[in-house]
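Colleague: I would like to go through this structure with you term by term. Please tell me what each label rests on.

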Amino acid sequence: MAGKVKSICIEKINPIIEDMGYEVVEVDYSKQVDGMNLIFYIDNDKGITIDDCERVTRVIDPILEELDPTDNKPYILSVSSPGIDRPLKNDRDFNRNLGKEIEITLFSKLDGKKNFKGNLKSYSNEEVTIEGIKGDITIKRNLIANIVPVIKF
């Protein structure tokens with residue numbers, strides 16, 4: 001069911017949100033403490049405000065009511081910013097973080113380590129290169145479980 005709901009939203013709702021000037025970073029349909037939640041994570045170059053989230057919600061809510069992607073099962077609709085610490089998933093995320101410090105977590109150890117930190121030097125569909133203390137480290141993408149920016153306050 002979750003896959004069907006996400007597919008419908010990606011096909012029918014994402015273009016509407018993108019026409020409003022936002023990027024849809026992710027669509028999540030999952031069970032939370034308060035029941036099923038349909039969450040659209042949006043972003044743009046200026047950053048996301050509460051007003052942006054409310055604006056998108058007002059536009060897509062009636063369309064979702066008509067589409068009924070959950071086959072009349074109740075859910076809570078949310079529109080949110082993905083946050084500054086969200087994982088890097090697409091080219092836009094990687095471009096935004098070029099030259100910045102990131103942390104890479106692997107599925108299993110490589111040279112005795114599962115975690116690597118360094119400045120993002122380059123990336124492709126196949127691998128990611130960071131500039132570490134001891135020089136450049138290139139890691140195959142299929143070994144990577146998660147990549148997040150390092151947030152310093």
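Predicted model: local features only at pLDDT ≥ 70, side-chain atom pairs only at ≥ 80, totals over all residues.

Colleague: Which strand does S4 (residues 101-110) join through six bridges?

Modeller: Strand S5 (residues 113-123), and the two run antiparallel. Ile102 stands opposite Gly118 in S5, and Leu110 stands opposite Lys113 in S5. The hairpin of S4 and S5 has two residues between the strands, and Asp111 takes a positive phi near 55 degrees there.

Colleague: What is the order of the strands in the sheet that holds S4?

Modeller: The order is S7-S6-S5-S4-S8, an open sheet of five strands with antiparallel pairing. Strand S7 (135-140) and S8 each have a single partner strand, so they stand at the edges and one side of each is left without a neighbour in the sheet. From one strand to the next the twist averages 40 degrees; such angles run from 0 to 180 degrees between N-to-C directions of lines fitted to C-alpha atoms, for helices over the stretch in contact.

Colleague: Why is Thr105 called partly exposed?

Modeller: Buried means under 20% relative accessible area, exposed means over 50%, and partly exposed lies in between (1.4 Å probe, protein chains only). Thr105, in strand S4, has 25% relative accessibility, so it counts as partly exposed.

Colleague: What does Thr105 contact beyond its neighbours within four places in sequence?

Modeller: Contact means heavy atoms within 4.5 Å. On that rule Thr105 is in contact with Lys114, Asn115, Ile144, Ala145 and Asn146. Ile144 is 39 residues from Thr105 along the chain, and their C-alpha atoms are separated by 6.1 Å.

Colleague: What is the strand order in the sheet with mixed pairing?

Modeller: That open sheet has three strands, in the order S1-S2-S3. Strand S1 (23-32) and strand S3 (76-80) are the edge strands, as each pairs on one side only. The twist there averages 15 degrees from one strand to the next. S1 and S2 run antiparallel and are joined by nine bridges, and Tyr29 has Leu38 in S2 as its bridge partner.

Colleague: Which helices lie across these strands?

Modeller: Helix H1 (residues 2-12) lies across S1 and S2, at about 155 degrees to S1. Helix H3 (residues 50-67) lies across S2 and S3, at about 145 degrees to S3.

Colleague: Is Asn37 buried or exposed, and what does its side chain join?

Modeller: Asn37, found in strand S2 (residues 35-43), has 6% relative accessibility, so it counts as buried. Its side chain and that of Asp34 are joined by a polar contact of 2.9 Å. A polar contact is a pair of N or O atoms within 3.5 Å; within protein, one must be able to donate a hydrogen and the other to accept it, and residues adjacent in sequence count only if both atoms are side-chain atoms.

Colleague: How many disulfides are there, and how do you know?

Modeller: A search of the whole structure finds zero. A disulfide is a pair of cysteine sulfur atoms within 2.5 Å. The sulfur of Cys9 is 16 Å from the closest cysteine sulfur, in Cys53, so the two are too far apart for a bond. Cys9 is buried, with a relative accessible area of 0%, and Cys53 is buried at 12%.

Key: Residues numbered from 1 in each chain as written. Heavy atoms only, no water. Pairing = 2+ DSSP bridges. Helix = DSSP H or I, 4+ residues; strand = E, 2+ residues; numbered from the N terminus.
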